[in-house]
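Please consult the sequence and structure shown below while reading.

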Amino acid sequence: MSALTMENKIEEAATPAAKTVELVAPAATPRPADKSAEFVRALLKSVIPPLFGLALLVGVWELVSIKGGSIPTPAATWKAAVTLFSDPFYSNGPNDQGIGWNVLSSLQRVGIGFGFAAAVGIPLGFILGRFKFMSSMVDPIISLLRPVSPLAWLPIGLLVFKKADPAATWTIFICSIWPMILNTAEGVRRVPTDYINVARVLNLSEMKIVTKILFPAVLPYMLTGIRLSIGTAWLVIVAAEMLTGGVGIGFWVWDEWNNLKVEHILIAIFVIGFVGLLLEQILMRIAKRFTYETR
Amino acid sequence: MSKSLVKVEDVGQTFDTKNGKFVALRDINLEIREGEVVSLIGHSGCGKSTLLNLIAGLTLPSSGALICDGREIAGPGPERAVVFQNHSLLPWLTCFENVYLAVERVFGQKEGKDKLKARTAEALKMVRMDHAMDKYPHEVSGGMKQRVGIARAFAMEPKILLMDEPFGALDALTRASLQDELMRVMSETGATVVMVTHDVDEAVLLSDRIVMMTNGPAATIGQIVDVDLPWPRDRLDLVEKPEFAHYRAAVVDFLHRKQLKKAA
């Protein structure tokens, strides 16, 4: 591979166009001092605007806390956060645990609920994408159920599972499954005819078609489904836990409201936002890895 | 030119469209003999790709029958390999893996892994792509992708090779070098080839027979030209030969005088 790139480079250098570029290039290349200045400028450009935004947010918050009375100031919240994060994993019984435990147990519920949704939704998506009859059959049902808030399903979960914890997981399952099904089905429908024709000409076995053609072609769509599912799941889990109680970031928010520790509620908002952002970024990275250039 | 390999008998093809039935092809009769290179040429929309798809078995005819090696064509199969216009390499497999997928399918039951790998490497070497075996399709140029597409088809050792405007998407220089390459590979393997093209020079240069089609709808075979030029052919020698000019003129005459497209 490296030998080949070398060859290409030599070829490039040999073409007259490359030579003219070379002749022009030295004048245009900045001196080292300029280069570092350039770097600092680029850094400032990418750092300054977000810093301004943050400062504005804190400023408005400060103003509101002065006027609003019961809203804690940024400084007070910061102080509370420092104590809170100094020991995130303490445990004094089920109703008093560190913020780390709360976040982790919320993530666990999201993970389990989403896992079941993927296990059911992805195969279902493949079936709906491949068979027109099945999609005509199931699409109206999905269209009807999809706009329903997953929390409306919580009582059904409580009824069936007789426990709060699996009921919360159940709502996650419900809200995660729709994007999984719909995106997977869309991906299967959009597999380029050329690839299907290749499979037909080669007369590949059904197993090979799935592993070598369908699955890689559908994967980017599936990952979009996963990203949307996890995003919604993270939105829903907070509300679900407020209703079901136990350990979890949503319950924690409600608990701190009952204790009137408003600083902690503000901290929780930041933590929830940060975890959501992190999940999104991780999944974007994975999606990028599995997206192929088709040209 | 020995025994007949593919027979197309009274084939017609109609498609159901929103505006009712559309007759694409009618009364097609054609016989392709073993080792022969046949070009299908005609204006766009004349159904030449439709005919190729019928031979490939990707679509089935509305009337008539197609027979390959004594058996009716009921669907696609590896004994009729297809080189698609836009290469159709799977982007998540390397060039090697793309060819290997085909080789494994055709020879996987009889031969061991080493033999299959050797076959794959040999096919890629034949089209001079052995230096880029482990690259992904998006890492190589358009001409190289089509070379791999051709290697994939040849590696299957098909009874007949079907090419749908194989060089249509390439620039003139790349096309010429790939045509030369294809001629070499064809003479090395003695392959039977049916090729769709809209390039008159390409048709004369590469084929033993040129099947010229009338304009659609309801296109059919208008005329067949036998190209009686000796193999191997060399493009530089040929352009100076009067025979080449003669065949070329025959095709151009058909396409531009007898089948002139109205307001094209």
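At roughly what angle do the axes of helix H4 (residues 74-86) of chain A and helix H12 (residues 262-289) of chain A cross, and within what distance do they come? The two axes cross at roughly 75° and come within 9 Å. The model from which these values are computed is a predicted one.

## Packing of H4 and H12 in chain A

With an angle between 65 and 115 degrees counting as roughly perpendicular, H4(A) and H12(A) are therefore roughly perpendicular to each other. On the H4(A) side, the contact is formed by Ala76(A), Thr77(A), Ala80(A), Ala81(A) and Leu84(A). H12(A) contributes Glu263(A), His264(A), Leu266(A) and Ile267(A).

Sorted by class, the residues in this contact between H4(A) and H12(A) comprise six nonpolar, two polar and one charged.

## Organisation of chain A

Chain A contains 12 helices and zero strands. Read from the N terminus, its elements accordingly follow the order α-α-α-α-α-α-α-α-α-α-α-α. The chain is divided into domain 1, covering 18-71, and domain 2, covering 99-289. Taken over C-alpha atoms, the centres of domain 1 of chain A and domain 2 of chain A are separated by 36 Å.

Chain A has 295 residues, of which 28% count as buried. Where contacts in chain A link residues at least 6 apart in sequence, 69% of them join residues at least 24 apart.

## Organisation of chain B

Chain B is built from eight helices and 10 strands. Its radius of gyration is 19 Å, close to the 18 Å that the globule rule gives for 264 residues, so chain B is as compact as a globular protein of that length. Along the principal axes, the C-alpha atoms of chain B fill a box of roughly 55 × 45 × 40 Å.

Of the 264 residues in chain B, 42% are buried. Among contacts in chain B with a separation of 6 or more, 72% are accounted for by residues 24 or more positions apart.

## Contact between the chains

The contact between the two chains takes 18 residues from chain A and 20 residues from chain B. Which elements give two or more residues to the side of chain B that touches chain A? They are strand E6 (80-83) and helix H2 (95-107) of chain B. H2(B) supplies the largest share of that side, three residues.

By class, the side of chain B that touches chain A consists of 13 nonpolar, five polar and two charged residues.

## Positive phi angles in chain B

Asp10(B), although not a glycine, has a positive phi of about 50°. Asp10(B) lies in strand E1 (residues 4-17) of chain B. Is Asp10(B) buried or exposed? A residue is exposed if 12 or fewer other C-beta atoms lie within 10 Å of its own; Asp10(B) has 12 other C-beta atoms within 10 Å and is therefore exposed.

Glu165(B) is likewise a residue other than glycine with a positive phi, near 40°. Glu165(B) is found in the loop between strand E7 (160-164) and helix H5 (172-189) of chain B. The cut-off for a buried residue is 20 or more other C-beta atoms within 10 Å; Glu165(B) has 20 such atoms within 10 Å, so Glu165(B) is buried.

Notes
Residues numbered from 1 in each chain as written. Chains lettered and ligands numbered in written order. Predicted model: local features only at pLDDT ≥ 70, side-chain atom pairs only at ≥ 80, totals over all residues. Domains from an automatic or database assignment. Axes fitted to C-alpha atoms, helices over the stretch in contact; angles between N-to-C directions. Helix = DSSP H or I, 4+ residues; strand = E, 2+ residues; numbered from the N terminus. Parallel < 35°, antiparallel > 145°, perpendicular 65-115°, else oblique. Contact = placed C-beta atoms within 7 Å. Nonpolar A, V, L, I, M, F, W, Y, C, P; charged D, E, K, R; others polar. Rg over C-alpha atoms; globule rule 2.2 N^0.38 Å.
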